[in-house]
Amino acid sequence: MADDHGPTTAGTVTATNTLAGARDHARSLAGTALASGPTVPASAATDLPPEVVGATIVWAETIVPGGYASRRLPRGAVVRFEDVDGDACLQLLVHNAAHPNERINTADTVKVQWQAYLGAGALLLSDMGRVLMTIVGDTSERHDCLCGCSSRRTNEQRYGDAGASGTHPNARDMLALGVAKFGLSRADVAPNVNLFKSVRVDPSGGLHLDGAVRPGTHVDLRAEMDVIIAVANTPHPLDDRAEYTSTAVRCLAWIPSPADEGAERAVDRYRSATPERLRAFQNTDEYLLGGAS
Amino acid sequence: MSAMSGAAILDQVIPARAPWSAVVGRGQTLRIIDLGGNQAVDCLLYNANDPVERYSAHDTVVAQRNIFLVAGTQLMSNEGAPMMTITSTTCAYHDTIGGACSRESNTLRYGHHTGHQHACVDNFLDEGMRRGLSKRDLVSNINWFMNVPVGDDGTLGIVDGISAPGLSVDVRAEMDVLVLISNCPQINNPCNGFNPTPVRVVIEAAG
């Protein structure tokens with residue numbers, strides 16, 4: 001690319017030294033085979049899970065190592081994150097799309113549910129005593145609410161490079177960019193969840209990372225209100241490997257058919273599982289009655 | 001309790017259930033004294049010159065690879081920098097994974113009849129708003145004198161405390177830090193022995 005259309009130097013005629021040429025060049029890039037990035041329209045994606053029938057696909061994107069994305073998802077949408085090659089760690093933030101100063105609270109998430117380790121059926125709780133998302137499927141079973149994410153300083157210490165413009169992007173800055181696209185700022189980068197890497201606490205309080213490579217696992221999250229999610233795909237903060245090691249994450253989100261969503265909610269596998277979860281859903285119902293969605 | 005070497009530049013009692021805040025300058029030491037025993041003291045830290053840099057429970061436990069705050073623990077910011085250091089503590093350890101109680105989370109944990117009880121998040125907001133902070137600035141906090149173990153299966157919760165009357169913790173500021181405290185008003189779990197009591201705070205000049 002650089003050889004064909006590189007910087008114009010004095011006396012050199014390039015294809016982009018006129019407005020028409022620059023426009024033709026830019027337009028010629030469309031249709032480039034997709035290594036990463038969003039498929040638009042998402043309905044053109046061909047890898048929806050076979051068990052999902054009649055759904056409207058609203059997001060299809062592959063996030064490469066060091067990448068990030070952010071999306072608005074409506075209540076009822078299900079997003080699947082797949083750890084395609086097995087060595088990803090996805091930092092996740094969730095905000096209420098209507099009132100973004102309501103957001104995920106990792107401390108309340110583990111304390112209210114009396115459980116430090118997330119799995120199927122676990123709720124991602126907001127700081128307002130409500131459910132933002134429910135884990136409705138999980139073949140990974142390796143997630144972490146305790147360790148948060150890397151920052152510019154920690155990546156500089158570990159890799160000697162840390163910024164979004166380099167080759168070792170830190171998670172905090174990626175999440176900040178993600179939420180910035182919705183008008184939010186660095187103060188909105190709350191303590192996050194990590195997907196696809198787990199941390200266990202030993203009896204003396206010591207933290208131990210399970211970073212084994214396990215390709216092909218996924219986790220499915222259902223939005224319980226309209227949400228903004230921001231994700232970054234960067235190494236877990238306890239990942240001691242000298243190399244910045246990360247693999248791609250596939251993101252697919254769909255809105256189930258009304259019949260499927262109704263049937264799922266009628267079965268109600270998660271709502272009444274514990275008294276704390278039931279009250280979180282009741283608080284969410286009450287909030288949605290107020291007109292937000 | 002070790003003797004403080006510098007002059008006390010502030011010495012106050014925070015009433016039971018009340019909020020408090022102060023700027024602790026770089027090099028100064030904040031001592032918190034559990035007067036009645038087993039009184040949780042919820043605490044947040046902000047870089048006094050750039051409050052978007054604030055305490056990070058996650059960065060703190062990652063830096064020391066342990067969930068318990070003990071003598072020597074560096075309290076880290078969300079930008080990975082040390083904000084304060086625990087220079088001594090006569091309570092064996094302190095919590096930073098249990099978060100703060102709120103009216104809203106109380107309804108989940110104890111039922112909707114607790115939805116009007118005073119709570120730490122309201123203390124943080126009430127005091128923090130006077131310092132220009134808002135709800136967006138609240139993050140996972142420190143719980144001095146609180147005991148939150150994690151079981152083998154991941155079960156986690158607030159259990160009876162390990163503090164006692166007169167136990168204390170000293171933290172030295174590594175930058176100019178705004179310290180925001182809620183003297184926890186919770187009465188539905190054992191974090192305050194079901195009886196919130198006052199605590200004493202002393203700021204000692206840099207040595």
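User: A residue is buried if 20 or more other C-beta atoms, placed from the backbone, lie within 10 Å of its own, exposed if 12 or fewer, and partly exposed in between. With that in hand, how many residues of helix α1 (57–64) of chain B are buried?

Analyst: Six of the eight, so α1(B) is largely enclosed by the rest of the structure. This is a predicted model, where local features need pLDDT of at least 70 and side-chain atom pairs count only at pLDDT 80 or more, while totals for chains, interfaces and linings use all residues. Residues are numbered from 1 along each chain as its sequence is written, with chains lettered from A and ligands numbered from 1 in the order in which they are written.

User: Which residues of α1(B) are the buried ones?

Analyst: They are Ala57(B), His58(B), Asp59(B), Thr60(B), Val61(B) and Val62(B).

User: How much of chain B is buried overall?

Analyst: 53% of its 207 residues. The chain holds three helices and 10 strands, and its C-alpha trace spans about 50 × 35 × 35 Å along the principal axes.

User: OK, new topic. How many residues does each chain give to the contact between A and B?

Analyst: Chain A puts in 38 residues and chain B 34. On the chain A side, α3 (106–112), α4 (152–159) and α7 (275–289) are the elements giving two or more residues. The largest share comes from α3(A), with six residues.

User: What about sheets in chain A, what order do the strands of the five-stranded one take?

Analyst: That open sheet runs β3-β13-β5-β9-β8, with antiparallel pairing. Strands pair if DSSP finds at least two bridges between them.

User: Why do β3(A) and β8(A) have one side without a neighbour?

Analyst: β3 (68–73) and β8 (143–144) stand at the edges with a single partner strand each, so one side of each has no neighbour in the sheet. The partner of β8(A) is β9 (193–195), over two antiparallel bridges, and Asp144(A) sits opposite Asn194(A) there.

User: Which strand of chain A is largely enclosed?

Analyst: One is β12 (217–223), because five of its seven residues are buried. Antiparallel β4 (78–83) joins β12(A) through six bridges, with Glu82(A) partnering His218(A). β7 (131–138) also pairs with β12(A) in the antiparallel sense, over five bridges, and Thr134(A) faces Arg222(A).

User: Last one: which residues touch the most other members of the largest nonpolar core?

Analyst: Val79(A), Leu93(A), Leu175(A), Val227(A) and Ile229(A), out of 124 residues. β13(A) gives the most to this core, six residues. Such a core is a set of buried Ala, Val, Leu, Ile, Met, Phe, Trp, Tyr and Cys residues joined through C-beta atoms within 7 Å.

User: What does Leu93(A) touch?

Analyst: Leaving out residues up to four places away in sequence, its contacts include Ile104(A), Leu175(A), Val179(A) and Ile229(A).

Notes: Helices (H or I, at least four residues) and strands (E, at least two) are DSSP runs, numbered from the N terminus. Two residues are in contact if their C-beta atoms, placed from the backbone, lie within 7 Å.
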